[in-house]
Structures are given as C-alpha cells and as structure tokens.
Amino acid sequence: MGLFILRRVGVMILTGLCLTFLVFTLTNLYPNLEKLAKTQGNFRMSDEEVSSYLERNGYLQPMVVKYGEWLGVLPSYRHENTDGTIQGRCILPGKTPEESPDFCGVLQGYWGFSTVFKDEVGSIIGTRLSLTGKLMFWVMVLMVPSALILGVLSGMKEGSKTDRTLSTVAITTTATPEYVSGVILIAVFASSTVGLKWFKGTATSAMESANFENFFLPVLTISLYGMGYIARMTRASMAEVMTAQYIRTARLKGVSFPNIVVKHALRNALIAPFTVIMLQFPWLLNGVVIVETLFNYKGFGWTLVQAASNNDIELLLGVSVVSVFVVLVTQLISDIGYVYLNPRISVT
Amino acid sequence: MEPLSWFDIITRVFLQFMPVWISLVVLFTLSIVYKRRLGLYGKLFDSTIGMIGFALVMFWVFTGIFGAFDMIVTHDPLAQVSGMKNKLPGTPLTNPDEGQYAYYLFGGDNLARDVFSRMIKGAWIVVQIAPLATLFAFMVGITLGLPAGYYGGRLDTLLSFLANLILAFPVILLFYLLVTPEIVETGIPSYMATVLFVFPIIFVGVLLNSRYKTQPKLRAPLLICVLGIMGWLYLSLISEIGTKVSVLPGFLDLFDVPSGILVVFVSVVFVNSPTVFRIVRGLAMDIKTRDYVAAAQTRGEGPWYIMLWEILPNARGPLIVDFCLRIGYTTILLGTLGFFGLGLSPESPDWGTTINDGRRLLQIYLHPALVPAISLLSMVLGLNLLADGLREESLRD
C-alpha cells in the first residue's frame, strides 16, 4: 500500500510539473508578453520600448529558465539599470538587493503580483478560494445525499415505474449544462417581471452573508448537473448488487425489503459512487466558473475568468496551479479510497 | 397591428416548421415500416425512449439543414429592425416592408434582432460542428487507443500519461489558454489542427491497407485514390492564406474555414479525444483476450488487421452509444465557448453566444436567453435519450 501511494504521488508530481510548465509556456508566449508590456507601460510603446521593458523584467530569458525562477529552483533574474540601481522579481519596493532573497518562486511561497487586482496573488487566491469553498460545501451538502437517494431508489427495483421516472430525471439533469439550468432557474424563480420572485438572481451579496434567498440558486445550479451523473452510477451499482446471491438469500430468509436495502445492499453499492463523487471535482470546477460568472459571485472561478480575459499572467498561473492541484489530489484520493473500500482489489 | 396571442404564436411557429414536420413524418414512417431490415438502427424503433430521443435530435438536424437554406427563418438573423429592441414574443413589426414577415415570433433581442431566426441559424452551427468534431475525436482516440490497448507496455504508459495530462486540465482553463486572440496569433491552434487532422488519414490508410494487403492489384489504386482525395481535403482544411499554415496556393484551396470556427473545432477535438482514447484502450484490452483474436493471430494476420478488423467491429456497441453521448457533450462545450465569448464572433447566432448576450438583461427580458437555452437543452436531452435507447437495444442482443 505504501509503495502504491508513493508511486501515485510520484506520477502526480510529474503530471503537475508538466501541466504547470505547459500553462507557463502558453501564458508566456511573446504576444502575451507584448500585451503585458503595453498594459503596464502605455499602449503606444514602440517595438524597441517593448523589448527593453521585457528585457528589464527578465521576460526574454529562455522559457525553461523563467519557469525555474517562477518555481523557485533557480535564482531569480536581476537587472542593473543605467543609474546603477538593481531591480528584480524578488526585490520588493522598499528593500535593498542585499536584503532580498535569491530565490523567490512558488516553492518559497511567493506567487507573484496580480496586475488586475493590484495585490499579491497568494492572498487573492486565498480569499477567493475560501468563497468558493463555501459554495462547494453547500453544493456537496445538497448534491451528494440527493443523488444517492435518487440512485438507490431507482436501482432498488430495476425497470419499475419509479426507476423509469427517476432515470429520466437523472438524464435530464445531465443534459442541462449550468448555463442553461441557471438561465431557466433565474427566469422561473428570480425574474422581476414574470417569475415567482422567490430568490435573488445574483449572489453578490452572498459573499458577505449567505442566506437561503441569495445562495440557493447558484448551489442548486451546480448540484443539478453533477447530480444526474452520480445518481446514474449509484443506480447501476445498486442494480448490480440487488441481483447478487446474498441478497436473494436474505430475501428467502424473510428479511424485510427495507432492511435488505439499508443493511445488505447499500454498503456494497456505495463503493462505485464514492470514486465518481471524487472524480466529479474537476467537473464541479467547470460548473463553478460558469455559475460564478452567471450569478456574479466573486470566487475562484470568477477570478479565473478575470485573470484569463485581462492577460494577468501571474494570477492565471496561480489559479491554474491550484486547480490542477485540486484535480490531481482528488484523483489520488479516489484511487486510494477505491482500493481501501473494495477488498477484492489488491494493489500488488 | 395587435400583438399575437400565445395561441397564435404557437400556431405560426408550428406552420413555420412545416418542412421539418414533413421530413420527420416521412423518416419515421419509412424507418418503422422497414425496421426489421435496418439492424441496430431499426431496433431503435422498439424503444419509446430511443424514439423520443431520435425525434428530438432529428428535429434539430432538419431544422439546421432547412435553416441553412433559409427555409424556416422569418428574418435575417443579423438584421436589426428599428423599434423591435427587447420586444416580447409575437410583437408585430412597426412598418414592415413588402414581403417581410410581419411579426417577431419569439420577440427581439437587445440589438433588435429576431430571436426565432437566430435560434434556427444557431441550430445549423451546432449541427455542422458537433458531429464532425466528435467524429474527428473518435478517429484520434481510436488510432491511438487501439495500439495502446493491444500492445500495452511502454507505448501504453506513455500515451496514457499524455491522455491523463490533458484530462487533468479544467476544460475552461484550457479553452482560455487556447482560444485567446494572442495564442491564435502565434499559430498554435493551426499547428494543432495540422497534427490532429492527420489522424483520419492515418486511420483510413491503415484500415484499407491492412484489409487489402493480400490483393496488391486492388490495394495500390484504392489507396492512391482515397489518400489522394483525403490529403487534398486535409491540405485545404488546414491551409489558410495569411495565417501561419499556408501551404497550398489559393487556386488549389477547395474551401476556407473561418479561422474562428477552426480554432473552436480544434479545441473541442483536443478536449474530447483523451476520453475516447481511454474508452477504446479499455475495450481493446478486454477484447484482445478473446478466442477470435487468438484465432486471427494463429492465422498469421498482422497486428493492424487484428486491431481494426477484429477488435474494432466487436467494440462498436459501446462506441456508438458513447458517440451519441459525446455529441451531446460537444454541444455543451460549444455552448460553453459561446457563453464565455471565446472563438466565435460576438454576432454569431450560435446558442451559447446568444445565451451570453441575453443573460445581461435576464432579470427583465427573459425570451432572448430562454429560447436558445431550451433549444440546447432539448437537443442534448435528445442525444442522451437516444444513447440510452441504443444502449438498451444493443444489450438485448
């Protein structure tokens, strides 16, 4: 088991390095840097001014070197200006070059500076991530139990009328992406002209104080899309368990049907959905980006859109690292959990 | 003129869709009459769910095709008519010209364009791109997944690692990294197109070569013809005057794909192919242990013959089902791209862009966003139901 986890972690770190290098390369291509120089300086910069700006800030070094500096394994670039002062990524305003460290990258905890929000990337991501964490928590609270109940109810008696109805519901929710269900939900529950006016159509106020009125619609929108998929997995796994020999034995012994479902079937039927729920995280991340944009909830997904559309290179890199990290860690947990829950699978 | 009542609107919309209804009725009558001779497709008409799904899908396919010939649309989807801004469904035009349709059936959007006509034109964009992009993703996934599953070993480890790499990316981040104008300027999407679009040629080439290897007289002309035509299509598809990839002179270039559409197409294929790869790889690993594969190996057939003519046909059931589901997923992805204003032009009538336009005023005017939202929902739902029906019927064999 220990070796298995070690190997998985090794592959995970390798994947993480490859992905961050890919994102780094794509965000540090010359057209992006040129745009950065022009937004930081002025829009009428000549080509020479652009390249001298980039040279001063160390953007013209080879890609691998820049990546190493950003990661914090290579000493960071320093440029000596004509007046003798030294500037560099690690030298913060008000510090002398001697006081500043040689290495400043992600490994040292320095994530860079956001050009859009005019703040440290690390602290932006921290605040935004906690807002999204709140959203995700309630999504999980709503989605997981309802999906499991839906799946168990329809998988209990395969082919019955309940099964047909609930399966159709599950298919419909998987066919409804967040930007469609969000629009429909706002139209029905929040529109100021014809709708029921039960909830609010924006979740901006939920950032400080979330309540049922301003937070339910975004939570529901994300939950709906993921729910159908988990429910279908649970149904398939439940239906398979219900045909097993030990369930038949229990029935013949005269155990009541609810007892069979709760005590004998449920535990075995929930192994597969567990991995699915874990693997759902990357999809939820997509949903979060759409829903936060739609409901104007300024969390992590909203920050991703802002960083990407405003060419905020260091913030976008930070956001990518965090999201790739979340995806990889959930994959790892789902692998380990699967082996742990299912005694029939051995890692050796 | 008075605005139309809801009943009038429904009747008029129904009449406007007349060519679609006729085609649907003809298609269904023919299919049900001959269903016993049509294999898996015919069996679809035994399941109610599958039939409903198929009807929904074909409704949008016919709508898209007829819409492309300007048959169902009532107005130009880009034309702005004065005084029709954000008007409710069924509003008459203030002073219609001779021969102009006198009403906006589903109302006007925030630029005074006809929501109904834009919905129809949007269907054509989806019907054009989604199945084709899915097909390309399947070609890539099959060409790489079969050898990975069949040979295993180092090749499998490498390809799986690459597939997992792409899968670990949040899709939206990938779109933002690939589809921004700065990246398009560097030509990366064009180079990716150059690589990805080679796979169908490799696939067909290997497919025919492995089949007709024993008949050299037939093989040589067949391969030259097929690969020649596909190569020409490939070169005209990727080469574009004035971009980074421009290899064909203008007079040989058969068609020009607008670069926005090409970029969208490439990124959707790129996102989809790793999943297809994983499915095909899993199926190949399962099927290669069967007796008929061992029989073919003993006969001395080559590995590619076994992969493409023994394993692939026997994996068709799950692949067809996944193909339907994946078209639906591609439709969702296209909508996502439109929703974030990536790739397609902001005037484009595709559903994602229209939803994005309409959502700004969603609190006051519902119809500009609601109409494309429900269209997209019904189309994806149709594809999912179709896949469900197919799965049930193919399991019954």
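Q: Where does Lys118(A) lie?
A: This is a predicted model, and in it Lys118(A) is in the loop that links strand 3 (113–114) to strand 4 (119–120) of chain A. Its phi is positive, about 50°, although Lys118(A) is not a glycine.

Q: Is Lys118(A) buried or exposed?
A: Lys118(A) counts as exposed, with 54% relative accessibility. The cut-off for exposed is over 50%.

Q: OK, and what about phi of Asn311(A)?
A: Phi of Asn311(A) is near 60°, again a positive value in a residue other than glycine. Asn311(A) also belongs to a loop, the one between helix 13 (300–309) and helix 14 of chain A.

Q: Staying with chain A, which residues of helix 2 are buried?
A: In helix 2 (residues 30–40) of chain A they are Pro31(A), Asn32(A), Leu33(A), Leu36(A) and Ala37(A).

Q: And what covers the buried residues of helix 2 of chain A?
A: The cover includes helix 1 (2–27), helix 3 (47–56), helix 4 (63–71) and helix 14 (313–341) of chain A. Chain B takes part too, with its helix 8 (181–186).

Q: Which residues of chain A does UniProt annotate as "transmembrane region"?
A: The unreviewed UniProt entry gives that annotation to residues 9–30, 135–156, 177–195, 215–232, 270–295 and 315–341 of chain A.

Q: How much helix is there over residues 9–30 of chain A?
A: That stretch of chain A is 91% helix and 0% strand, and its end C-alpha atoms are 34 Å apart. Residues 135–156 of chain A are 100% helix and 0% strand, with 32 Å between the end C-alpha atoms.

Q: Switching to chain B: how many helices and strands?
A: Chain B has 17 helices and 2 strands. Its radius of gyration is 24 Å, close to the 21 Å that the globule rule gives for 397 residues, so chain B is as compact as a globular protein of that length. Along the principal axes, the C-alpha trace of chain B spans about 80 × 55 × 40 Å.

Q: What share of chain B is buried?
A: Buried residues are 55% of the 397 in chain B. As for contacts in chain B with a separation of 6 or more, 71% of them join residues 24 or more positions apart. The accessible surface of chain B is about 17700 Å², and 67% of that belongs to carbon and sulfur atoms.

Q: Can we zoom in a bit? Which residues does Val280(B) touch?
A: Leaving out residues up to four places away in sequence, Val280(B) touches Gly141(B), Ile142(B), Gly145(B), Leu146(B) and Leu319(B). Val280(B) is part of helix 12 (residues 259–287) of chain B and counts as buried at 3% relative accessibility. Between Val280(B) and Ala296(B) there are 20 Å in space, C-alpha to C-alpha, for 16 residues in sequence.

Q: Last one: where is Pro346(B)?
A: Pro346(B) is in the loop between helix 15 (316–339) and helix 16 (351–359) of chain B. With a relative accessible area of 65%, Pro346(B) is exposed. Not counting residues up to four places away in sequence, Pro346(B) touches Thr353(B) and Asp357(B).

Terms used. Residues are numbered from 1 along each chain as its sequence is written. Chains are lettered from A and ligands numbered from 1 in the order in which they are written. This is a predicted model: local features need pLDDT of at least 70, side-chain atom pairs count only at pLDDT 80 or more; totals for chains, interfaces and linings use all residues. Side-chain values use heavy atoms; hydrogens and water are left out. Helices (H or I, at least four residues) and strands (E, at least two) are DSSP runs, numbered from the N terminus. The radius of gyration is taken over C-alpha atoms; the globule rule is 2.2 Å times the number of residues to the power 0.38. Buried means under 20% relative accessible area, exposed over 50%, partly exposed in between (1.4 Å probe, protein chains only). Contact means heavy atoms within 4.5 Å. Accessible areas come from the Shrake-Rupley method with a 1.4 Å probe; for residues, only the protein chains shown count as cover. UniProt positions are given in the numbering used here, feature names are shortened, and annotations may be inferred rather than shown by experiment.
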